[in-house]
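Me: I am new to this structure and would like to walk through it with you. Could you take my questions one at a time?

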Amino acid sequence: MTTETLEPPSLAEPTNNRGFNVRTLSLVGLLVVIAVTFHFLSGGLFLSARNLYNLVVQTSVVAILACGMTLVIVTRNIDLSVGSVLGCVGMVIAMLQIEIFPQDAAWNWPLTVAIGIGLGALIGAWHGVWIAYFGVPSFVVTLGGLLIFRGAAFEVAQGKTLAPFDPVYRLFGGGIDGALGVGPSWALFAIIMVLYGLGEILVHRRQMRLGFDSTVRTKLLRFFAVFVVAAAFVATMNSYMKPRSDIGRGIPVPALVLLSVVLFMEFVTRFTTFGRYIFAIGGNIEAARLNGIPTRRTVLKVFIAMGVLCAIAAVVTTARLNAGTSSTGELLELSAIAAAVIGGASLSGGRGTIAGAVVGALIIQSLESGMVLIGASSSQRMVAIGLVLMVAVLADKYLSGEE
């Protein structure tokens, strides 16, 4: 038997007769319903350019974490420590940038970002070794990590708030100047659509060469749908003006960071051997091991990737706050897990998509934003998100045909 028989379950998710992923379409439909409902309940505020810009910035951090959490869940594991790891890495970056390194040095913020990403990878490796090589359940290991790295975040600066950050570093947070601007945003849109179109052509030719059924009409319809959504997104971001000016902000930098993460993660999960290994392990770890798949090393790499994504999210979060605090990232692990599960990641392993994780993060943040706009309390928001999560898990159970 070869590893070719262990095709990733996520790559064979149900599609409709036009070739679209049914689960993702359902999530997008739910997102539209939530947006329209809150738009009317808030008196037209929810779909305003200002709120959508802030929604994109707020979603970026949760979505980045959810992308990594999806891979963790696919391998039948869980990571309860991502919020604490984010806070710990953020505090280390703040300490180095503000109190250790000279603040006027051009290399200050790039070096601190690199150190933060390296620290995130080390923390992920720490978790991965305990889980993959010592056989300790991921729930226990990452619960311990939640406590360890939250305490470490406090110890780094003894609970002090460290601020302010370098002006260039603050651009990662998407503040007043943390966006591309109108012209560059449209240019980026054009480049992405051209690359996406070329990618669809290459995939179509490869499918035809291998004898798969691949209709041009389906791909044109999908390209048109992506084109319309992307164009509407760019136009909305451009319509949000800077204070006391008629200059559009454009796409926020946190959205660019998220886009980079999503594209890379999609490539890894769809087109690499490592990605196939991840889904094979989640589908049947014993079969994967018998097929010669390095299960321990793969799980270790998944947790290293999760640690790196925590560090990237820490950069965006601290840049947005323009401060490092020991409480940064509290309870974000719950949002990340909820986003991944709502996005279709199966808690029984073997199934999940990066696109679904992003849509799941958008659903969670849309609920948060919408309920804030209509004056709901924090407790009411928690109840609403909890109910949505439970319904999502129930729907996943029936859609997957589990008993």
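Predicted model: local features only at pLDDT ≥ 70, side-chain atom pairs only at ≥ 80, totals over all residues.

Me: Is arginine 244 buried or exposed?
Reply: Arginine 244 sits in the loop between α8 (216–239) and α9 (253–271). The relative accessible area of arginine 244 is 85%, and the cut-off for exposed is over 50%. Therefore arginine 244 counts as exposed.

Me: What is the phi of arginine 244?
Reply: Most residues other than glycine have a negative phi. Arginine 244 is not a glycine, yet its phi is positive, at about 55 degrees.

Me: Where is glutamine 158, which also has a positive phi?
Reply: Glutamine 158 is a residue other than glycine with phi near 55 degrees. As for its place, glutamine 158 is found in the loop between α5 and α6.

Me: Which residue does a cis peptide bond join to alanine 163?
Reply: Most peptide bonds are trans. Here omega is about -5 degrees, and the bond is cis.

Me: How do the directions of α9 and α10 relate, and why?
Reply: The axes of α9 and helix α10 (residues 273–283) come within 5 Å of each other and cross at roughly 75 degrees. Angles from 65 to 115 degrees count as roughly perpendicular, so α9 is, relative to α10, roughly perpendicular.

Me: How many charged residues are in the contact of α9 with α10?
Reply: On the α9 side the contact is made by Val268, Thr269, Arg270 and Phe271, and on the α10 side by Thr273, Phe274, Gly275, Arg276 and Phe279. By class there are four nonpolar and three polar residues, and the charged ones number two.

Me: What is the handedness of the crossing of α4 and α5?
Reply: Helix α4 (residues 108–133) and helix α5 (residues 138–157) have axes that come within 9 Å and cross at roughly 150 degrees. The handedness of this crossing is right-handed.

Me: How many charged residues are in the contact of α4 with α5?
Reply: From α4, the contact uses Ile123, Trp126, His127, Trp130 and Ile131, while α5 brings Ser138, Val141, Thr142, Gly145 and Phe149. Six of the contact residues are nonpolar and four are polar, and the number of charged ones is none.

Me: Which residue has its backbone oxygen 2.8 Å from the side chain of serine 60?
Reply: Serine 60 is in helix α2 (residues 49–74), where it is buried, with a relative accessible area of 0%. A polar atom of its side chain lies 3.4 Å from the backbone oxygen of proline 254. At 2.8 Å, the side chain of serine 60 reaches the backbone oxygen of valine 56.

Me: Is isoleucine 78 buried or exposed?
Reply: Isoleucine 78 is in the loop between α2 and α3 (82–100). Beyond residues up to four places away in sequence, isoleucine 78 touches Val72, Ile73, Ser138, Phe139, Thr142, Phe303 and Ile337. Its relative accessibility is 15%, and the cut-off for buried is under 20%. Isoleucine 78 therefore counts as buried.

Me: How far apart in space are glycine 135 and arginine 296?
Reply: Glycine 135 is in the loop between α4 and α5 and counts as exposed, at 55% relative accessibility. Along the sequence, glycine 135 and arginine 296 are 161 residues apart. In space, C-alpha to C-alpha, the distance between glycine 135 and arginine 296 is 9.6 Å.

Notes. Residues numbered from 1 in each chain as written. Heavy atoms only, no water. Axes fitted to C-alpha atoms, helices over the stretch in contact; angles between N-to-C directions. Helix = DSSP H or I, 4+ residues; strand = E, 2+ residues; numbered from the N terminus. Left-handed = near helix turned anticlockwise from the far one by under 90°. Contact = heavy atoms within 4.5 Å. Nonpolar A, V, L, I, M, F, W, Y, C, P; charged D, E, K, R; others polar. Buried < 20%, exposed > 50% of the residue type's maximum accessible area, 1.4 Å probe, protein only. Parallel < 35°, antiparallel > 145°, perpendicular 65-115°, else oblique. Polar contact = N/O pair within 3.5 Å; in protein donor to acceptor, adjacent residues only side chain to side chain.
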